[in-house]
Amino acid sequence: MQPVEGLRLGNFFRCYGLMKSQKCILIVDDDADVLLFLRDRLNALGFDVLTAANGKEGVDALQHHTVDGVLLDLYMPVMGGILMLEQLALSSMRLPVIVMSATEHRSELQLAIIKGAMDILIKPIAPDELTDKCLRLFH
């Protein structure tokens, strides 16, 4: 069996709750470069990371993993961020969610907050802003 690229065995066990010592964050974004940047940054801050390429994968990941927070892109194929926020609201999970978007359209961002997001990051994401918001909401 070949190892999954980017998945470290330690993260696998911690996010499954078998050795949970660090906070585990789910990043949901369809852009592989953004996922890599965010994963590396959050790992450097001491977080374990799971990734998903769209909201459907994100919802599936939340059913099988224990996470402490979500970084969620608004615009993705299959299932976007707003629909995933709605799915989270229907579930019993109450997780801090930071939505990410390249758009600054107030109506979309306000809708994300109404649907349960706790904060917003505008792309391109400033590393210091990412650090501040993740440490504030996920620790």
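Helix α2, residues 32-44, packs with helix α6, residues 127-138, at an angle of about 55°, their axes 11 Å apart. Axes are lines fitted to C-alpha atoms, for helices over the stretch in contact, and angles run from 0 to 180 degrees between N-to-C directions. That makes α2 oblique to α6; under 35 degrees counts as roughly parallel, over 145 as roughly antiparallel, 65 to 115 as roughly perpendicular, and the rest as oblique. Helices (H or I, at least four residues) and strands (E, at least two) are DSSP runs, numbered from the N terminus.

This is a predicted model: local features need pLDDT of at least 70, side-chain atom pairs count only at pLDDT 80 or more, and totals for chains, interfaces and linings use all residues. Residues are numbered from 1 along each chain as its sequence is written, and side-chain values use heavy atoms, with hydrogens and water left out.

Who touches whom? From α2, Phe37, Leu38, Arg41 and Leu42 meet Pro127, Asp128, Leu130, Thr131 and Cys134 of α6. Contact means heavy atoms within 4.5 Å.

Now the sheet. Five parallel strands form an open sheet, ordered β2-β1-β3-β4-β5. Two strands pair if DSSP finds at least two bridges between them. β2 (48-52) and β5 (119-122) stand at the edges with a single partner strand each, so one side of each has no neighbour in the sheet. Strand β4, residues 97-101, pairs with β5 over four bridges. There, methionine 100 stands opposite leucine 121.

Back to the helices. α2 packs on the sheet, touching β1, β2, β3 and β4. α6 lies across β1, β3, β4 and β5, at about 165° to β5.
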